[in-house]
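Please look over the model below before reading the numbered points. They are meant for someone who has not seen it before.

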Amino acid sequence: MPNEISVTVNGTRHTSSVEPRTLLVHYLRDELGLTGTHVGCDTSQCGACTVVVDGSAVKSCTVLAVQADGSEVTTIEGLAQDGELHPVQEGFWEEHGLQCGFCTPGIIMTLHQVLDEQPDPSEEEIRHSLAGNICRCTGYQNIVKAAQFAAQRMQE
Amino acid sequence: MIAGQVSKLIGSRVKRKEDPRLITGEGKYTDDVILPGMAFFAVLRSPYAHARINSIDTAAAAHPDVLGVMTGAEINDRCAEPFPLFAILEGMQYPERWPMAATKANYVGEPIAAVAASSRAAARDALDLIEVDYDPLPVVTDMETAADADTPVIFEEMGSNLCYEATDQAGDPDRAFAEADGVVSARLEQPRLIPNPMEPRAAVAEYERSTGNATLWVTTQNPHIERMVAAKMLGMPENKLRVIAIDVGGGFGCKINTYSESIIAIALAEHIGRPVKWAEDRTEHFVATSHGRGQAQYVEAAYKKDGTLLGMKLKIYADLGAYAQVISHVIPTLTPSLSPGVYGIRDIGWTTIGVFTNKIPYDAYRGAGRPEAAYIIERVMDLIADATGKDPVAVRRKNFIPDDAFPYETPTGMIYDSADYNAALDKALDIAGYDDLRAEQKAARKDGKLMGIGVTVTTEVCGFGPAAAMGGLGGFESATVRVDPMGKVTVLTGASPHGQGEETSFAQIVADDLGVPFEDVEIIHGDTSIVARGVGTFGSRTLVVGGTAILKANEQIKDKATRIATALLENKIEDTLDPQLVTLEDGLFSIQDMPDQYVTWAEVGSEAYDGQLLPEDEQPGLEAVSFWEPPGLTFPFSAHIAVIEIDQDTGEVSLKRYVSVDDCGTVINPTLVEGQIHGGLAQGIGQALLEQAVWDDEGQLVSGSLMDYAMPFAQEFPMFELDRTVTPSPVNPLGAKGIGEMATISATPTVANAVIDALSHLGVTHVDIPMTAERIWRVLQNHGSRRRGGRS
Ligand code: FES
Ligand code: FES
């Protein structure tokens with residue numbers, strides 16, 4: 001039996017009917033066409049699917065769409081404001097924080113929240129905060145630098 | 001030619017062109033393709049490593065959500081031929097492979113049937129409605145006994161599980177062993193690895209019944225090879241199949257192969273009359289996408305007391321899995337070829353034994369055959385250091401191919417293009433502060449701490465072709481350079497970058513070479529209907545071969561543009577001009593000694609198509625296509641140093657420092673090169689410390705998900721310390737050597753050597769990779785902490 005849900009995604013309210021088993025990530029990608037959020041695993045390890053739901057970074061492969069009923073969701077598509085990149089996005093571009101880019105939206109959304117909570121993290125704290133994200137391309141070094149760049153930019 | 005030119009962008013840290021779309025969610029990966037009326041399909045896979053398929057009952061799948069089912073018999077019947085193989089080795093035997101197993105499954109994960117349905121979930125559900133009756137058969141998992149007479153034979157018609165056994169030698173290995181002061185020997189394991197690019201594989205197909213034209217969006221590193229293989233198998237002309245791979249989320253070798261799902265996708269789209277999509281789950285990836293490495297290596301090395309390596313004898317078993325694919329069977333043969341490494345050894349004998357087992361096929365994984373070689377020779381150097389009581393650095397220096405010997409032909413027939421190993425090693429030692437590290441280690445040992453320092457100097461072969469090195473895939477790359485009426489440049493490249501950043505590095509080359517702004521250059525790739533035939537991105541070939549193809553097309557563009565500019569300038573000065581007097585500099589075509597008289601790329605571009613002032617013998621248009629095949633291979637090299645500590649209580653290894661000095665010849669964009677090194681190091685270190693595919697005797701993959709297979713996380717690494725030397729390659733005009741795989745190749749033996757170095761005073765001379773906490777803990781239990789010789 002499909003369920004009716006109403007979710008605000010990147011500031012736009014959507015009312016949809018979804019199967020109860022539909023994952024939030026598949027709702028975002030297949031129903032709303034927001035394909036910037038990726039699916040990299042089926043065991044909640046990789047973090048490619050990370051989005052912000054009501055202010056918290058969550059793995060959208062681990063949340064049912066019906067659980068997001070009434071929520072505010074921000075995806076990678078909603079991060080830049082008025083054509084201005086978010087400092088974390090800027091950091092990734094400046095510091096070569098991505099190669100294939102597949103893990104990137106999830107890591108950006110994770111770091112976006114990390115820096116919200118801890119504006120001046122140490123290298124170790126940044127690495128620790130990425131324990132739920134896997135990148136196979138970068139060796140993480142420039143992701144750490146991207147986070148440091150963003151932290152500094154956000155303090156300016 | 002670029003050499004000697006005053007460069008503006010080549011060599012600079014230009015930010016990537018591909019990033020704005022990828023950091024805002026506008027990338028176009030295969031699973032992002034959404035087509036009207038698109039259905040989804042899922043693949044039923046064999047749960048057995050080896051089983052006879054007695055029957056398949058698909059009746060229950062006649063569910064209303066199901067749009068079509070295909071079994072092995074049906075899809076194989078639709079195919080004109082089985083999967084093609086390239087570079088067939090002399091005397092090798094191999095089984096035919098079709099998209100699905102129809103009568104017998106030969107590995108866990110082999111496709112058995114496919115179901116198309118209206119949604120992802122419905123397709124998945126419908127798999128449970130298919131009933132397959134299997135008879136399990138004896139399973140072959142051990143590569144070393146796979147070809148023995150009493151081992152069950154997987155493919156009866158072959159009579160054994162042997163693909164090939166190749167024995168050869170160079171020089172006189174027996175002489176080397178007779179003259180030796182001593183011999184070191186070891187059995188080295190190269191576990192299979194799961195490539196795990198973060199984007200799982202996916203395929204979307206659309207089939208136009210009225211014309212027979214098909215389009216396949218697919219996660220591939222080489223769309224043109226994919227098209228060639230898929231068209232062949234489906235009995236389609238190549239020009240009726242379009243393959244598109246715009247953004248690909250990493251490949252590392254496992255996206256070279258054309259997989260069954262591509263063939264199934266096209267056949268299903270044709271069958272149900274709707275576009276279809278398949279997207280692999282991560283857990284499916286573990287049994288559906290090829291693995292890498294997987295060798296058992298036996299090495300004996302003859303040495304002199306002074307540390308000279310005289311000769312080696314190698315026996316290498318390679319676990320090919322159930323089938324050979326593309327050129328997978330050739331990869332293990334690269335291992336003996338590269339086993340001399342950077343050392344001037346003359347006498348070497350080897351046997352390479354490729355066998356079939358009941359495992360998913362093996363294929364390229366970052367480095368493909370060369371990491372296995374570097375691992376052998378760099379372990380051997382440390383074994384000799386142990387045996388002679390010499391410092392590992394001194395032993396290496398003693399054996400280096402001399403700096404003035406290049407180009408240098410190895411006894412195994414490789415022609416090293418250029419190198420200076422001492423320079424790279426000096427730099428690495430200097431950055432690491434090697435002598436201080438050794439002093440620190442001495443002190444640490446006194447305090448009962450386990451600290452290790454690993455050193456390697458390695459080389460690898462890349463920049464593939466020429467054609468002779470490619471076994472029928474082609475050794476070229478293509479480039480089309482097009483200048484439009486606004487003077488903007490579009491480049492179509494046959495290479496298919498998927499993270500390496502060639503949209504940026506190629507644009508840097510074009511901007512400098514033509515003198516146009518970087519922003520005015522667009523690089524297009526990954527679409528067989530747009531791009532001239534290409535080979536693809538693997539074997540660190542894209543910049544070397546693809547970049548040079550662009551330079552060659554630019555030459556034609558500059559010639560024609562100069563002729564058009566001459567006509568425009570003649571019109572300007574109302575006089576005739578010798579075209580020799582017109583030169584292109586900084587993007588302006590001007591007359592010698594008359595710098596005020598010039599025309600721009602926009603004027604030339606516009607005239608090329610407007611054509612009113614074109615000379616009589618000149619045709620309109622400003623576009624050039626070039627195919628370029630390199631005359632030889634390139635050999636980047638590196639000197640790496642790792643510092644590790646071992647927790648005595650848990651056996652856990654922590655990487656404290658990593659120094660990576662790499663030489664990839666001319667560097668177009670240092671930032672991109674460093675990125676390749678960082679990522680390469682992480683994969684090589686992962687192999688040394690964490691990663692391995694584990695199988696049980698039934699051929700089940702025990703480490704079959706991200707919960708069971710250890711991928712490296714950010715916390716595993718310190719900040720890597722990078723530097724480089726620059727020894728241009730003489731085999732291409734860029735002087736570039738390729739850097740995609742070098743760091744992976746070096747990192748595994750470097751870290752392995754460091755860990756063993758930490759234990760050497762306990763009498764430990766070898767530990768197999770991955771050096772997990774458990775494995776090291778066991779070594780510590782067996783060796784205690786008593787000092788037993790080894791190097792000081
Ligand atoms: S897709 Fe959600 S954690 Fe991997
Ligand atoms: S950039 Fe490719 S997985 Fe992170």
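**Notes on the model**

1. With 10 C-beta neighbours inside 10 Å, B:Asp586 counts as exposed. B:Asp586 sits in the loop between strand E22 (582-585) and strand E23 (588-591) of chain B. Its phi is near 50°, a positive value in a residue other than glycine.

2. This is a predicted model, in which local features need pLDDT of at least 70 and side-chain atom pairs count only at pLDDT 80 or more, while totals for chains, interfaces and linings use all residues. Residues are numbered from 1 along each chain as its sequence is written, and chains are lettered from A and ligands numbered from 1 in the order in which they are written. Helices (H or I, at least four residues) and strands (E, at least two) are DSSP runs, numbered from the N terminus.

3. B:Ala368 also has a positive phi, about 35°, although it is not a glycine. This residue is in the loop between strand E15 (347-355) and helix H9 (370-388) of chain B. B:Ala368 is buried, with 29 other C-beta atoms within 10 Å.

4. One joins B:Gly465 and B:Pro466, with omega about 10°; B:Pro466 is placed in the loop between strand E18 (450-459) and strand E19 (477-483). Another joins B:Ile769 and B:Pro770, with omega about -5°, and B:Pro770 belongs to the loop between helix H17 (742-759) and helix H18 (773-783).

5. How many residues of each chain take part in the contact between chain A and chain B? There are 44 from chain B and 46 from chain A, where two residues are in contact if their C-beta atoms, placed from the backbone, lie within 7 Å. On the chain B side, the elements giving two or more residues are helix H1 (19-22), helix H3 (120-127), helix H7 (282-288) and helix H16 (670-689). The largest share, six residues, comes from H16(B). By class, this side of chain B has 18 nonpolar, 16 polar and ten charged residues. Here Ala, Val, Leu, Ile, Met, Phe, Trp, Tyr, Cys and Pro count as nonpolar, Asp, Glu, Lys and Arg as charged, and the others, Gly among them, as polar.

6. In chain A, helix H2 (residues 87-94) has the buried residues A:Pro87, A:Val88, A:Gln89, A:Gly91 and A:Phe92. They pack against helix H3 (104-117) and helix H5 (141-155) of chain A, together with H1 of chain B. Just after H2(A), A:His96 takes a positive phi of about 55°.

7. Chain B is assigned domain 1 (19-25 + 476-628), domain 2 (33-137 + 198-250 + 255-288) and domain 3 (292-465 + 632-783); the bounds come from an automatic or database domain assignment. The C-alpha centres of domain 2 and domain 3 of chain B lie 36 Å apart. Their contact takes 21 residues from domain 2 and 21 residues from domain 3. On the domain 2 side, those residues divide into 14 nonpolar, five polar and two charged.

8. Leaving aside neighbours within four places in sequence, B:Phe506 is in contact with B:Val491, B:Thr493, B:Ile523, B:Gly547 and B:Ile550.

Methods. A residue is buried if 20 or more other C-beta atoms lie within 10 Å of its own, exposed if 12 or fewer, and partly exposed in between; C-beta atoms are placed from the backbone.
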